[in-house]
Amino acid sequence: MIKPDATSKGYTGAILDQMIKAGFTVKAMKWTKLTTEQAGLFYDIHRERPFFGELVEFMSSGPIVAAILEKDNAVEDFRKLIGATNPAQAEEGTIRKNFAASIGENAVHGSDSNENAVIEGDFFFSKLERF
Ligand code: GDP
């Protein structure tokens, strides 16, 4: 997912370009905006964390790009491509180093396991929207 900070700053094209050049294939993609309820459901695992309210408010503050990307070893390779959660700790050349402003507003989301990738893909896309 490309988060609202990055879409509002006009980074969508550059981020997609970096993902595609890194070898990821797009299987599904949409430009949409989450309600606070949807953002809360997406990040349900963080409900008890102190930053949950801030996270939900931010993630529903503007449009996002949701996508299903395919590649061998996709989860691990995508986490490497996006870099550390806190952009101050992200390696040079990573998407968060290039485009993120803070630990909260950090430009992109990537699934942390194959299992969660399936759950998150199903959150956004029907079978008819995947090619
Ligand atoms: P990720 O897997 O690298 O996205 O990191 P996490 O799963 O730990 O956190 C999910 C998302 O919650 C992050 O990408 C941030 O947008 C947000 N987040 C994490 N830690 C903080 C924090 O300390 N403050 C705020 N405001 N947001 C945070």
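**Close-up views of the ligand site and the aromatic pairs**

View 1. The model is predicted, local features need pLDDT of at least 70 and side-chain atom pairs count only at pLDDT 80 or more, whereas totals for chains, interfaces and linings use all residues. Residues are numbered from 1 along each chain as its sequence is written, and side-chain values use heavy atoms, with hydrogens and water left out. Arg79 places a polar side-chain atom 3.0 Å from a ligand oxygen atom. For Arg96, an N or O atom of the side chain is 3.0 Å from an oxygen atom of the ligand. Of the 550 Å² of accessible area that the ligand has on its own, the protein covers 80% (Shrake-Rupley method, 1.4 Å probe; for residues, only the protein chains shown count as cover).

**View 2. The surroundings of the ligand.** Among the residues that surround the ligand are Tyr43, His46, Phe51, Glu54 and Asn106; a residue is near a molecule or strand if one of its heavy atoms lies within 4 Å of it.

**View 3. The pair of Phe24 and Phe78.** The whole structure contains seven aromatic pairs (rings of Phe, Tyr and Trp, the last by its six-membered ring, with centres within 6.5 Å; planes under 30 degrees apart are stacked, over 60 edge-to-face and the rest tilted). Phe24 and Phe78 pair edge-to-face, with 5.3 Å centre to centre and 80 degrees between the planes. Phe24 lies in the loop between helix 2 (12-21) and strand 1 (25-32) and Phe78 in helix 5 (residues 74-82), so the pair ties together parts 54 residues apart in sequence. Helices (H or I, at least four residues) and strands (E, at least two) are DSSP runs, numbered from the N terminus. Phe24 is buried at 4% relative accessibility, and Phe78 is buried at 8% (buried is under 20% relative accessible area, exposed over 50%, partly exposed in between; 1.4 Å probe, protein chains only).

**View 4. The pair of Phe42 and Phe123.** These two residues form an edge-to-face pair, 5.3 Å centre to centre with 75 degrees between the planes. Phe42 is buried at 12%, whereas Phe123 is partly exposed at 33% relative accessibility.

How values were computed
A polar contact is a pair of N or O atoms within 3.5 Å; within protein, one must be able to donate a hydrogen and the other to accept it, and residues adjacent in sequence count only if both atoms are side-chain atoms.
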